[in-house]
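Dear colleague,

I am handing over the structure below, and my notes on it follow directly after. Please read them alongside the coordinates.

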Amino acid sequence: MASSKVQIVEMGLRDGLQNEKVILSADQRAELALRLSRAGMNRIEIGAFVRPDKIPQMAGTAEVIQKVQQLVQQKNISAKTEFSVLVPNEKGMQSALAAGVREIAIFASATESFSQKNINCSIKESFQRFMPVLPLAKKNKIKVRAYLSVCFGCPYEGAVPEKRVVELVKRFHKLGVYEISIGDTIGVATPGQIKSLIQKLKRVVPARKIAGHFHDTRGMALVNILAAYQLGIRIFDTSIGGLGGCPYAPGASGNVATEDVLYMFEGMGVKTGINLDQLIETHKWLSGVMGKTLPSRVGNVGRLQARGPVT
Ligand code: HMG
Ligand code: MG
């Protein structure tokens, strides 16, 4: 039986910031990584090596990594914290190698239209682009994670057949990636769909290799996480404050907020290893840096506080 413990993969620095108008400096991004790590987050996606003209928010990822590496050397960030970076092709991989990251994430789409809009190529071509990336990762002992986008619905094509998602997940599995994150990129799924797809995915990939990556556009992400948890999924991608979204998914809001997910799991007695109070402090700091209120409910209102008897 799957352990009850859950792993949270923090997306704020990548999926979060990539869709925000305010562009943070490398120092601010490194400080966010430091605060997240101090709160106990040990899996953090720190940036992306993609075209800076397409995603200007991710420019400077190499500098952020360098600053974070210094913080690790100074023992301000635990050496156990794993930082990964998004890589679409060989050029991105070369940048990741030069920056000295130990983990990358490759990404593909379940529909042709989303693939074209997001990464300017077909699904088939996107897998061809991974071909030079994977041997480089193997040679340099770099872990490879994978994302599949629009698994439950596409902003351009509508409903997405489960069969296609299962085939593409199988394909990633065959490539030898260690984990596959199932993206509800535009936050359309409901628990019935989550259950149905996960049951099918578990027949082709072990549950311990599947992660849930649910955007909260329609407020369904928490119930979807619960549905996936009940089916043995133990890895979830979340974003501090609920920041972000994908620039090529019009109207899609950010990943489910890390604070809200922690609050739910804490209440259920499920361990994450992360300190919610420190994360709420980080939310306040980040809200100041971004100059706006962040979507996370728990991040904004905090825990239940006793206010004393009514007199
Ligand atoms: P392309 O234009 O097809 O690439 O871009 P190309 O090979 O034809 O090269 C064209 C130019 O781009 C060349 O420069 C390359 O050097 C340069 P030029 O010679 O013209 O000066 N180039 C690059 N520059 C920097 N880094 C690179 C790179 N590759 C080529 N890696 C590419 C293809 C994928 C790079 C581009 O379309 C791109 O950057 N797209 C942005 C993708 C992105 O970041 N999307 C958001 C993240 S995905 C997401 O949010 C979904 C996820 O969260 C899961 C979910 O929610 O579903 C993961
Ligand atoms: Mg995403």
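In the lining of the second largest pocket, helix α3 gives the most, with four residues; this is a predicted model, in which local features need pLDDT of at least 70 and side-chain atom pairs count only at pLDDT 80 or more, while totals for chains, interfaces and linings use all residues. Residues are numbered from 1 along each chain as written, chains are lettered from A and ligands numbered from 1 in the order written, and side-chain values use heavy atoms, without hydrogens and water.

This second pocket has a volume of about 310 Å³, and of its 16 lining residues Thr81, Phe83, Gly100, Val101 and Arg102 are the closest to its centre. A pocket here is an open set of points on a 1 Å grid where a 1.4 Å probe fits, with protein on both sides within 12 Å along at least five of seven lines, and lining residues have an atom within 4 Å of a point.

The largest pocket holds about 660 Å³ of space; 37 residues line it, and Val50, Pro88, Phe107, Asn118 and Ile119 are the closest to its centre.

Turning to helix packing, α4 (residues 90-99) and α6 (residues 123-139) meet at an angle of about 25°, with axes 8 Å apart, which makes α4 roughly parallel to α6 (angles under 35 degrees count as such). Their contact (heavy atoms within 4.5 Å) is made by Glu90, Met93, Gln94 and Leu97 of α4 together with Arg129, Pro132, Val133, Leu136 and Ala137 of α6.

Best regards

Note on methods: Axes fitted to C-alpha atoms, helices over the stretch in contact; angles between N-to-C directions. Helix = DSSP H or I, 4+ residues; strand = E, 2+ residues; numbered from the N terminus. Parallel < 35°, antiparallel > 145°, perpendicular 65-115°, else oblique. Points joined across faces, edges and corners; volume = space filled by probe spheres on them.
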